[in-house]
Amino acid sequence: MPTRPKRSPRPASAGADVDPQQQPESLDACRRCALWRDATQAVPGAGDAPATLMLVGEQPGDSEDRAGLPFVGPAGRLLDSALAEAGIVRETVYVTNAVKHFKWELRGKRRLHRTPAQREVEACAYWLEREIANVQPKVIVALGATALRAVLGDPHARLNAWMDQTAKAGARTVIATWHPSYVLRAPDPAARDEARAHIVEALRRAHALLRRR
Ligand code: URA
């Protein structure tokens, strides 16, 4: 069982143990950015390869960091219910994150999520590119702005601009929607329902595109 780091995180700046040019063989050996220092473990994607549909989130959360699996905490439960409502069996989908280590800060006794910096997303593109090459998805659903930017390779891509269109990343179709955590943080039930409905609709669009092929 992974153990929880006892220390508070150091600033995620580069140091002697970080090399953005490193080309590691394994995620566990990755030192391309400093996030490995304070994470329990790297969290790779999960699912069979090849898979026609890939879902990309931002980074592991507290539960995922402990379990070593993506989307198994509260955001994962929301994603599971949205997948079920869209008629998609999670086991048929490859699920991963733009960044493979949990970035956090200590508040009281809780490890709170911190948004990864662009340099960390870029360092981790090394792994996302390998996953995409291995999984060969036809459609990628990007969950939130960090995922969208990572998948498009465009640090300036705006989620709102892409939410109701389809984008392309090479030969692959990209559909963008809210991150499940955005739904969990929504200020009121109406906003929550609307954001969740957008995720379900994005998954349905992805599913429909794949059935048409
Ligand atoms: N949020 C993410 O983006 N990914 C996870 O795996 C969990 C929470």
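1. The lining of the second largest cavity comprises, by class, eight nonpolar, one polar and two charged residues, where Ala, Val, Leu, Ile, Met, Phe, Trp, Tyr, Cys and Pro count as nonpolar, Asp, Glu, Lys and Arg as charged, and the others, Gly among them, as polar. Among the residues that line this cavity are Leu27, Cys30, Arg32, Trp36, His101 and Trp127, and its volume is about 60 Å³. A cavity is here a set of points, on a 1 Å grid over the protein atoms alone, where a 1.4 Å probe fits but cannot get out, and lining residues have an atom within 4 Å of a point. Grid points are joined across faces, edges and corners, and a volume is the space filled by probe spheres set on the points. The count comes to two cavities of 30 Å³ or more.

2. The model is a predicted one, in which local features need pLDDT of at least 70 and side-chain atom pairs count only at pLDDT 80 or more, whereas totals for chains, interfaces and linings use all residues. Residues are numbered from 1 along each chain as its sequence is written, and side-chain values use heavy atoms, with hydrogens and water left out.

3. Around the ligand stand Gly57, Glu58, Gln59, Pro60, Gly61, Glu64, Pro70, Phe71, Asn97 and His179, each with a heavy atom within 4 Å of it. Polar contacts (pairs of N or O atoms within 3.5 Å) can be listed for three of these residues. For Asn97, a side-chain N or O atom is 2.7 Å from a nitrogen atom of the ligand.

4. The aromatic pairs number three, a pair being rings of Phe, Tyr and Trp (its six-membered ring) with centres within 6.5 Å, and planes under 30 degrees apart counting as stacked, over 60 as edge-to-face and the rest as tilted. Phe102 and Trp104 are stacked because their ring centres are 6.5 Å apart and their planes at 25°, and both residues are buried (under 20% relative accessible area, with exposed over 50% and partly exposed in between, for a 1.4 Å probe and protein chains only). Trp178 and Tyr182 are likewise stacked, with centres 4.0 Å apart and planes at 10°; Trp178 counts as buried at 19% relative accessibility, while Tyr182, at 34%, is partly exposed.

5. Charges also sit over rings (NZ of Lys or CZ of Arg within 6 Å of the ring centre and within 35 degrees of the ring normal). The charged end of Arg31 is over the ring of Trp36, 3.6 Å from its centre, and Arg130 lies over the face of Tyr126, at 3.6 Å from the ring centre.

Note on methods: On a 1 Å grid over the protein atoms alone, a cavity is a set of points where a 1.4 Å probe fits but cannot get out, and a pocket is an open set with protein on both sides within 12 Å along at least five of seven lines; lining residues have an atom within 4 Å of a point. A polar contact is a pair of N or O atoms within 3.5 Å; within protein, one must be able to donate a hydrogen and the other to accept it, and residues adjacent in sequence count only if both atoms are side-chain atoms.
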